[in-house]
Amino acid sequence: MWRRFLLVCMVGAIQAHWDSAGAAARRESIEPHAAWVASSPKPTAQTALLASPFAVSRDGTHSRRVALVIGNGEYGNAVDPLRSNAPRDARSIGDALRARGFEVIARTNATAQQMLEAIGEFQRRLSTGDLGLFYFAGHGMQIGGQTLLLPAASDARADSRAPASLLNSGVELKTVLHAMQSARAGRLNLVILDTCLDNPFTPAAVAIAGPEVSANTVIAYATAPGSFAADGSRHGVYTGALLRALRDADTSAQPLDVLFRHVAAEVRAATGGMQQPWLSVAAPAISASETAIESSVTSYDPAITPRSRGIMPKESGEQYEITFWESIKDSNYPADYEAYLKAYPNGRFAPLAHARIDRLRAAASSPAVSATPAAPSAAPAAQSSHAAQSTQPAQGARPATQASAATPASAHPAAAPSPAPPATTAAAPLAEKAVAHPPSAGEMRDCAACPIMVPVPAGSFAMGSNTDDPSEKPVHRVNIGAPFAIGKFPVTVEQWNVCVAANACPKLTPQSNSNKFAPARDLSWDDAQQYVKWLTRTTGKPYRLPSEAEWEFADRAGTTTAYWWGEQMRKGTANCKDCGDPWHKEGPESVGTFAANPLGLYDMNGGVWEWTADCWHNSYQGAPVDGRVWDTPGCEMRVIRGGSWREGGDYMLSATRFKYSAGVRQSQDGFRVVKDLR
């Protein structure tokens, strides 16, 4: 049943809400192609690009053009036409764009993290680009005002990916649009989507509201809202027509409207008029419009496969809903029920979904005294050897253990066993390994199962960098006016499971969290908030996530270099894929495996991305200068810091920042806590 669900046509009309004012779209016929060029008596480079963005200059030079091309076809079903066509489409489009002078960032069968990384690279390159182009072929969905582009999935995981996980793992199209717009204001953005425009959860509903498009943006859809997109023998019908147009020197040199009219005519001819390409335009000196591209050609090519860009199963909308509910009905994650309510706000199971959410949240907020050891000095038998009382030397003391740790120096015997981690269905990818460290001056711990905290004195520092990433600019002076304490390590699997045992936190994904000494991961920002609230209730101390400024201040630890250890990556200083051994592709090493920074903090760089409390902003313009949290009402994207074991050394820099959806779990995301010192 679920394999068929994965074949649903999934991309809807764009609901891109820009921070800056955008032109409201209205439906009308596209003006003659002369209207695509601004009528100013002094044409600019921008209007020239708008007139013919794919033209090759006679002298061989080009304005800077940057493209991100993604083709996802690996959705866990061997008979899915997208399996081969969508990646092939992306490769061919990438080749065609390179021939036209574009710098191309290409990804095929990309995971969510790989898509977000590519978007980040795209944004950085666009900061000096004249034209930005984004192309996507694959599955997606439009739910509750969000347009989600679905990352690829391996066959091994396809059957376990419930509808809720798709909603939570999809990459929002507005993230791409925001990256394009924020990188350089006033430059041309072109988005091309070869995918269908149905809502998979309500297949009968074809009336989709038109999008709002920011100025200087053109969006080309392979098909009209509520319709389908077809595949040919090697390419999507729309992509095939676009490729032929780009290879034709005369056609590709035409203004955008002429080129897309040509493509539309070919698509309509191939599909007998059933597939009608669609445009959404907001360009300089042009009123915003959204319209089908007219063509009188209506012959039909029997070689194409209708509805193959997103196959609609024969089940009714009612059956979709039942399939969705069956996949989450036993879940202990509120986010799964919230995903159902996004798809079916008035569904037959909506009352039950609301009740489940209320029950789970009530359980998470209830006191959990039984999970707190009676005596603060008692150490659990299987407690990580990172306890402050440990006296083992740091150098040469990395014993590998199985469910045991170094014996603490405290005279008290173990009094409170740690709760067993959730049962796992797969063998641990890494051996459990506790790494011993001597206590640092001033270390504190509020309970045996609590994170070890390291005090950070007040001070000031220069936050950000002058790299080519605009999100790290401007460099600005931040004054941390009060001391605080921060976790010596990221929160571990073992520590998280104490919260799980108290019914205050959701269970971890077993396959990703089999090593109890490793950082807890596959956690959303919302999950991290549950943990700090539980920790605050349990200890009576003010725990929270760090502000982004506090995180960077603690990571730099008084240094001003690119990394806290110097200007260049040095082998053996961080847990990342090109940072030296130990490293395993399956997961991060146990916390504390690598050296601490000057404050005595471990794994600030590498291991897992760490959530901060701040809302994502595209630059530091207007950022607080006192280190407080920079928040925004209704914020959906939160800042993550530090890189992970799966990224390279370029992501480990002290100033590097990235973003992720607050409600989405991702296998590389974890966190550490801070505590106010009052």
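Tyr531 is buried in this predicted model, with a relative accessible area of 0%. Its ring pairs with that of Trp496 in a stacked arrangement, 5.6 Å centre to centre and with 10° between the planes. Trp496 is likewise buried, again at a relative accessible area of 0%.

Tyr563 and Trp565 make up another stacked pair, at 4.9 Å centre to centre and 15° between the planes, and both residues are buried. Elsewhere, ring pairs join Phe324, Trp325, Tyr337, Tyr340, Tyr344 and Phe349 into a cluster. Arginines get involved with rings too: the charged end of Arg638 sits over Trp525, 4.0 Å from the ring centre, while that of Arg657 sits over Trp616 at 4.2 Å.

Helix α15 also turns up in the second largest pocket, where it supplies the largest share of the lining, 7 residues. This pocket has a volume of about 750 Å³ and is lined by 31 residues, with Ala335, Glu338, Asp526, Ala662 and Gly663 nearest its centre. By class, the lining splits into 11 nonpolar, 9 polar and 11 charged residues.

Finally, Gln181 sits in helix α7 (residues 173–183). Gln181 counts as buried because its relative accessibility is 14%, below the 20% cut-off. Gln123 is 58 residues away from Gln181 in sequence, yet their C-alpha atoms are 8.8 Å apart in space.

Definitions and conventions:
Residues numbered from 1 in each chain as written. Predicted model: local features only at pLDDT ≥ 70, side-chain atom pairs only at ≥ 80, totals over all residues. Heavy atoms only, no water. Helix = DSSP H or I, 4+ residues; strand = E, 2+ residues; numbered from the N terminus. Buried < 20%, exposed > 50% of the residue type's maximum accessible area, 1.4 Å probe, protein only. 1 Å grid on protein atoms, 1.4 Å probe; cavity = no way out; pocket = protein on both sides within 12 Å on 5 of 7 lines; lining within 4 Å. Points joined across faces, edges and corners; volume = space filled by probe spheres on them. Nonpolar A, V, L, I, M, F, W, Y, C, P; charged D, E, K, R; others polar. Phe/Tyr/Trp six-rings, centres within 6.5 Å; stacked < 30°, edge-to-face > 60°. Lys NZ or Arg CZ within 6 Å of the ring centre and 35° of its normal.
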